[in-house]
Amino acid sequence: MNILFNFGAHQPMIKALLNERNAILAAIVANSDDTIISKTLDGIIMSWNPAAEKMFGYLETEAIGKHISLIIPPDRLEEETFIISQIKAGQKVAHFETVRLTKFGTLIPISVTVSPVVAEDGKIIGASKIARNISEQILLQQEKARLYEQVKTLSERQNEFIGLASHELKTPLTSLNGYLQILEKTSGDQKSKHIISRAAQQVKKITALIDDLLDITKIQAGKLLLTTEANNIKRIIEDSIELMVHVHPEHEFKFRTDIDALSIMLDAQRIEQVLVNLLTNAIRYSPSSKLVEISLEVNDNQVIISVRDQGPGIPEDKFELIFSRFYRMQESGTQGLGLGLFLCSEIIQRHGGKIWVESKLGEGSTFRFTLPLQAN
Ligand code: ADP
C-alpha cells in the first residue's frame, strides 16, 4: 500500500476530496480485522489500529511512539533490519511469515506485508504493515502434514504386508505345483490326469495373482526394474497369442499387421505380461463373444499395438479409472483384483509409451499402447 501525502494541493475542492479520502482510509483502517501499523524508517510506531490492540494486547496509547521492537522477539530483531532495508529501497515485503511477541509474552505466528509510505515529494518516510494471525492456518498445515505421514506409514506397512504375505503364499504354491507335476507323470488313468491338470491350472491362476501383488509392492517401493534389449515385437505378440490359444482354444485370435519383423528395445517378459493381460481381459469381459483382434502398426517413430474385443464396452467416465490400482467396475463380477491394467500402464510408461482405451457401450473395447521405436 503506497500512501501519498498530497499536502501540496491548494484548490479547496481537491483538498476537501483529499480530506474525505483520508477519513475513508482512516475508517477502513479502524474497522479492519487485519492489524495495520505504520512506523517511521527508524522503527518508531506512528499508528496502531484496534485490530493491532487485539492482536498484541497493547493499547494505541501504549504503542505509539515506541520502537517496533516492542513486538519483535529478541532472536528475530534482524528481520526488522532486512525489512527496513527493503522499504528504503522502495520494495514491498509481501506475505512474510514470522512470529511476533504480545504484551503477555506469548508468541503468535503472523503473515505480514510491509509497504513503503511515500511522501508527496517521492521520499520514502516510513512503512505500513498489514499483519494477519496465521495460527489456524499453521495448525491446519501441521494436521495435514501429520495425516499425510500417517497415510504414508500405513501405505508402507500395507505394502510390506502384501509383499510378505505374497512371498509366504508363493513357497507352498511352488511345492504344490511340483507335487502336481509328479502326480501327473505317475498317475495311470485318464480321469486322474484330467483332474490333476485342472488343479495345476488353478495353481497357475493363483500364482499369477500373487505375482501381480508382488509386482505392485515392487512398483510402490520403486523396485520394478526393466531388463531391456533388442527384441522383435511382432514375435512377442505372436508368442503371447500362442499362449492364449493354448489356454483358450475356443476363442479366435486374429492378428493383423503389415510388418515382417521389427526390433525394438524392450523388456520382452514385461511386454508379454501386458499383452497377456489385455488378451485375458478381452476374453474375461466379453463372455458372449469369441473374437479378439490384435494389430501392430508403425506410426510416427512408435509402434501402436491394439487389442480389440466384442464385449459390452466401457463407459467414457471409466476410461482413466480402470488403469488405477485395485479399480474394478461393479458389473465386472468377482474375478480379478483390479491390478492388471495398473501394472500394464506402469510397464508401458516405463518403456516411454502410452496406454489407453477406446470404447463405446455395446460396441466392444479397444485397448491400445505405444512403444517408442528408439529407446529413451
Ligand atoms: P481385473 O481384471 O483384475 O479386475 P484390470 O485392472 O485388468 O483388473 O481391469 C480393471 C477393470 O477394467 C476390470 O475390473 C473391468 O471392470 C474393466 N475392464 C478391463 N478390461 C476390460 C474389457 N476388455 N472390457 C470391459 N471392461 C474391462
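Visitor: Is the crossing of α7 and α8 left-handed or right-handed?
Guide: Right-handed. Keep in mind that this is a predicted model.

Visitor: At what angle do α7 and α8 pack?
Guide: About 45 degrees. Helix α7 covers residues 233-247, helix α8 covers residues 268-284, and their axes are 9 Å apart. That angle makes α7 oblique to α8.

Visitor: Which residues make the contact?
Guide: From α7, they include Ile 233, Ile 236, Ile 237 and Met 244. From α8, Leu 275, Val 276 and Leu 279 are among them.

Visitor: How do the residues of that contact divide by class?
Guide: Twelve are nonpolar, two polar and two charged.

Visitor: New topic. How is the protein chain divided into domains?
Guide: There are domain 1 (15-133), domain 2 (139-220) and domain 3 (229-372).

Visitor: How far apart do domain 1 and domain 2 lie?
Guide: Their C-alpha centres are 64 Å apart.

Visitor: What about α5 and α6, at what angle do they cross?
Guide: Roughly 155 degrees. Helix α5 is residues 135-186, and its axis comes within 8 Å of that of α6. Angles over 145 count as roughly antiparallel, and α5 and α6 are therefore roughly antiparallel to each other. Their crossing is left-handed.

Visitor: And what classes of residue are in the contact of α5 with α6?
Guide: 15 nonpolar, ten polar and four charged.

Visitor: How does α6 cross α9?
Guide: At roughly 50 degrees, with the axes within 10 Å. Here α6 is residues 190-220 and α9 is residues 340-350. That makes α6 oblique to α9. The crossing is left-handed.

Visitor: Which residues make the contact there?
Guide: Helix α6 brings Asp 212, Asp 215, Ile 216 and Ile 219. Helix α9 brings Phe 342, Leu 343, Glu 346 and Arg 350. By class, that is four nonpolar, no polar and four charged residues.

Visitor: What about confidence, what pLDDT does the protein chain average?
Guide: The average is 91, and 96% of the residues score at least 70.

Visitor: Where is confidence lowest, and where highest?
Guide: Lowest in strand β1 (residues 4-5), at a mean of 46. Highest in strand β12 (residues 355-359), at 98.

Visitor: Over which residues does pLDDT stay under 50?
Guide: Residues 1-7. The model has 18 contacts for that stretch beyond four places in sequence. Where pLDDT is low, predicted coordinates should not be read in detail.

Note on methods. Residues are numbered from 1 along each chain as its sequence is written. This is a predicted model: local features need pLDDT of at least 70, side-chain atom pairs count only at pLDDT 80 or more; totals for chains, interfaces and linings use all residues. Side-chain values use heavy atoms; hydrogens and water are left out. Axes are lines fitted to C-alpha atoms, for helices over the stretch in contact, and angles run from 0 to 180 degrees between N-to-C directions. Helices (H or I, at least four residues) and strands (E, at least two) are DSSP runs, numbered from the N terminus. Angles under 35 degrees count as roughly parallel, over 145 as roughly antiparallel, 65 to 115 as roughly perpendicular and the rest as oblique. A crossing is left-handed if the near helix is turned anticlockwise from the far one by less than a right angle, and right-handed if clockwise. Contact means heavy atoms within 4.5 Å. Ala, Val, Leu, Ile, Met, Phe, Trp, Tyr, Cys and Pro count as nonpolar, Asp, Glu, Lys and Arg as charged, and the others, Gly among them, as polar. Domain bounds come from an automatic or database domain assignment. pLDDT is the predictor's confidence in each residue, from 0 to 100.
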